[in-house]
Amino acid sequence: VFVVNRERSMLSVCGARRAASTLALGHVDNILVMGKSGAGKQPRIDVLVDHFHLAQLSTGNIFREYLGVFDKLKYQGDLSVFYDQRKGDFHDDTTLKRRLATSVELDKVPDVTAALLGLKAKYYVNEGKYVPDTITNSLFEAAYPRTTVAASSLTARSCGSTTTMSGAPWAGASIRSASASST
């Protein structure tokens, strides 16, 4: 468990109890909980969220959400057709939409952008590779509120003021949970 204070210095604390006592002092902006899958991160996070009425931002939950959006398309083809091996990156989104539309009813998808992000993450997951930071960050930014009004619901449940990270407002004293496989 890592606690980040208002001066942006990071303090490593062992366990949720010590994090909770540090948080009670009111000098904490964020708590980062990291570990391998199955290490018991979520039970510790649940205690902190419940006790301090914090907002939880979980990369694992975000990954599952976007992978689920893509999986609902029931695409059965080879995902490598969306990846440009020469360029070492995905084709542009217009090309991805056009190619995907030949196999699924893309016009019935409520959020095509979410489906494309899910496709990109799924490609790496299926390859047994880490999802690159650029895609992970895009997933996080797409899942997170980008306006002060949208962030106010998180701020109201958290302990801090609204700050800006990558141009997106986010609530202070939030909790992020990251599995080792998604960092």
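In helix H2, the residues Lys 41, Ile 45, Leu 48, Val 49 and Phe 52 are buried, where buried means under 20% relative accessible area, exposed over 50% and partly exposed in between, with a 1.4 Å probe and protein chains only. They cover an arc of only 100° around the axis, taken from the directions from the helix axis to the C-beta atoms, and this puts them on the same side of H2. This is a predicted model, in which local features need pLDDT of at least 70 and side-chain atom pairs count only at pLDDT 80 or more, while totals for chains, interfaces and linings use all residues. Residues are numbered from 1 along each chain as its sequence is written, and side-chain values use heavy atoms, with hydrogens and water left out.

**Helix H2**
- On the other side of H2, Pro 43, Val 47, Asp 50 and His 51 are exposed.
- The twelve residues of H2 (residues 41-52) should span 16 Å at 1.5 Å a residue, and the end C-alpha atoms lie 17 Å apart, which agrees; the expected span is 1.5 Å times one less than the number of residues.

**Helix pairs**
- H4 (residues 93-101) and H5 (residues 112-127) pack at an angle of about 90° with their axes 11 Å apart, and H4 and H5 are therefore roughly perpendicular to each other, a term for angles of 65 to 115 degrees, with under 35 counted as roughly parallel, over 145 as roughly antiparallel and the rest as oblique.
- Their contact, meaning heavy atoms within 4.5 Å, is made by Asp 93, Leu 96, Lys 97 and Leu 100 of H4 and by Val 112, Leu 116, Leu 119 and Lys 120 of H5.
- The residues of the contact of H4 with H5 divide into five nonpolar, no polar and three charged.
- The axes of H3 and H6 (residues 133-143) come within 10 Å and cross at roughly 90°, which makes H3 roughly perpendicular to H6.
- Ile 62, Phe 63 and Tyr 66 of H3 meet Thr 136, Leu 139, Phe 140, Ala 142 and Ala 143 of H6 in this contact, whose residues divide into seven nonpolar, one polar and no charged.

**Lys 74**
- Lys 74 is found in the loop between H3 (59-71) and strand S5 (83-84), and its phi is near 60°, a positive value in a residue other than glycine.
- Lys 74 is exposed, with a relative accessible area of 63%.

**Whole chain**
- The protein chain has seven helices and nine strands, and of its 183 residues 45% count as buried.

Note on methods: Helix = DSSP H or I, 4+ residues; strand = E, 2+ residues; numbered from the N terminus. Axes fitted to C-alpha atoms, helices over the stretch in contact; angles between N-to-C directions. Nonpolar A, V, L, I, M, F, W, Y, C, P; charged D, E, K, R; others polar.
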